[in-house]
Amino acid sequence: MTETTPGWLAPDELELTRARMPILYVDAVPVRVDDSGEVTHIGLLLRIGQDGTVSRALVSGRVLHHERIRDALMRHLEKDLGPMALPRIPTSLQPFTIAEYFPTQGITPYHDPRQHAVSLAYVVPVAGDCRPRQDALDLVWFTPHEASSPQMQLEMPGGQGVLLKQALAHVGCLS
């Protein structure tokens, strides 16, 4: 089957590429902020993995060939949170961290058995109505205290719990 969407690889081409080179991703931590700009809640997706396990996750996805980072963030936020989420992409696209996922566990805290991936991570305030779409079952809003709990770390595979704690520290929500 011929792929007609620019920037997408056919499944066999993607598998071959993943085996040979790092793939660029974006991770987004959706947050609600108060009038003074302080984070009051963090949104985490509820997903069912290919192995049937239920887990929490950040908004995440690949950057397409010839796609700007800003556009990739918007596309994945809309894909996962719905078109009425009203995300406010930061003016400066400086990520709060860069997460490097490896197929081999233990090299970094981040693990993706499919590939070596490099992800630019952002905290993104959302102001609208979020309705999860695609493969997300639900979006639950947690306080910073709840989101930083050890239990939440266990519910986030692949090191995304570590990434969440880094985001909370970045916005001043960890003491």
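This is a predicted model: local features need pLDDT of at least 70, side-chain atom pairs count only at pLDDT 80 or more; totals for chains, interfaces and linings use all residues.
Ser 55 is buried, its relative accessible area being 14% (buried is under 20%, exposed over 50% and partly exposed in between, with a 1.4 Å probe and protein chains only). Residues are numbered from 1 along each chain as its sequence is written, and side-chain values rest on heavy atoms, with hydrogens and water left out.

Ser 55 belongs to strand S3, which spans residues 54-57 (strands are DSSP runs of E of at least two residues, helices runs of H or I of at least four, both numbered from the N terminus). Apart from neighbours within four places in sequence, Ser 55 is in contact with Leu 45, Leu 46 and Arg 47, and also with Glu 155 and Pro 157 (contact meaning heavy atoms within 4.5 Å). Strand S3 also holds Arg 56, which is likewise buried, at 14% relative accessibility. With the neighbours within four places again set aside, the contacts of Arg 56 include Leu 44, Leu 45 and Leu 46, together with Val 140, Phe 142, Met 152, Glu 155, Met 156, Pro 157 and Gln 160.

Strand S1, residues 23-33, is mostly covered, eight of its eleven residues being buried. Strand S1 pairs with strand S6 (residues 117-125) in the parallel sense over nine bridges (pairing requires that DSSP finds at least two bridges between two strands), and within this pairing Ile 23 stands opposite Ala 117 of S6. Strand S4, residues 59-62, is joined to S1 by four bridges and runs antiparallel to it, with Val 26 placed opposite Gly 61 of S4. A further antiparallel arrangement, over three bridges, links S1 to strand S2, residues 39-48, and here Arg 32 stands opposite His 41 of S2. S1 and S2 form a hairpin in which five residues separate the two strands, and Gly 37 in the turn has a positive phi of about 90 degrees.

Side chains of opposite charge can pair when their charged atoms come close. Seven salt bridges are found when the whole structure is searched (a side-chain nitrogen of Lys or Arg within 4 Å of a carboxyl oxygen of Asp or Glu). One of them joins Asp 80 to Lys 79, with 3.0 Å between the closest N and O atoms; Asp 80 is buried, at 0% relative accessibility, while Lys 79 is partly exposed, at 23%.

The search of the whole structure finds one aromatic pair, which is made by Tyr 101 and Tyr 110 and is tilted, with 5.3 Å from centre to centre and 50 degrees between the planes (ring centres of Phe, Tyr or the six-membered ring of Trp within 6.5 Å; planes under 30 degrees apart are stacked, over 60 edge-to-face, the rest tilted). Both members of the pair are buried, Tyr 101 with a relative accessible area of 10% and Tyr 110 at 5% relative accessibility. Although 24 residues separate Leu 86 from Tyr 110 in sequence, the two lie 29 Å apart in space, C-alpha to C-alpha. Leu 86 is located in the loop between helix H2 (69-81) and strand S5 (97-101) and is partly exposed, with a relative accessible area of 47%. Not counting residues up to four places away in sequence, Leu 86 touches Pro 125, Val 126, Ala 127 and Gly 128.
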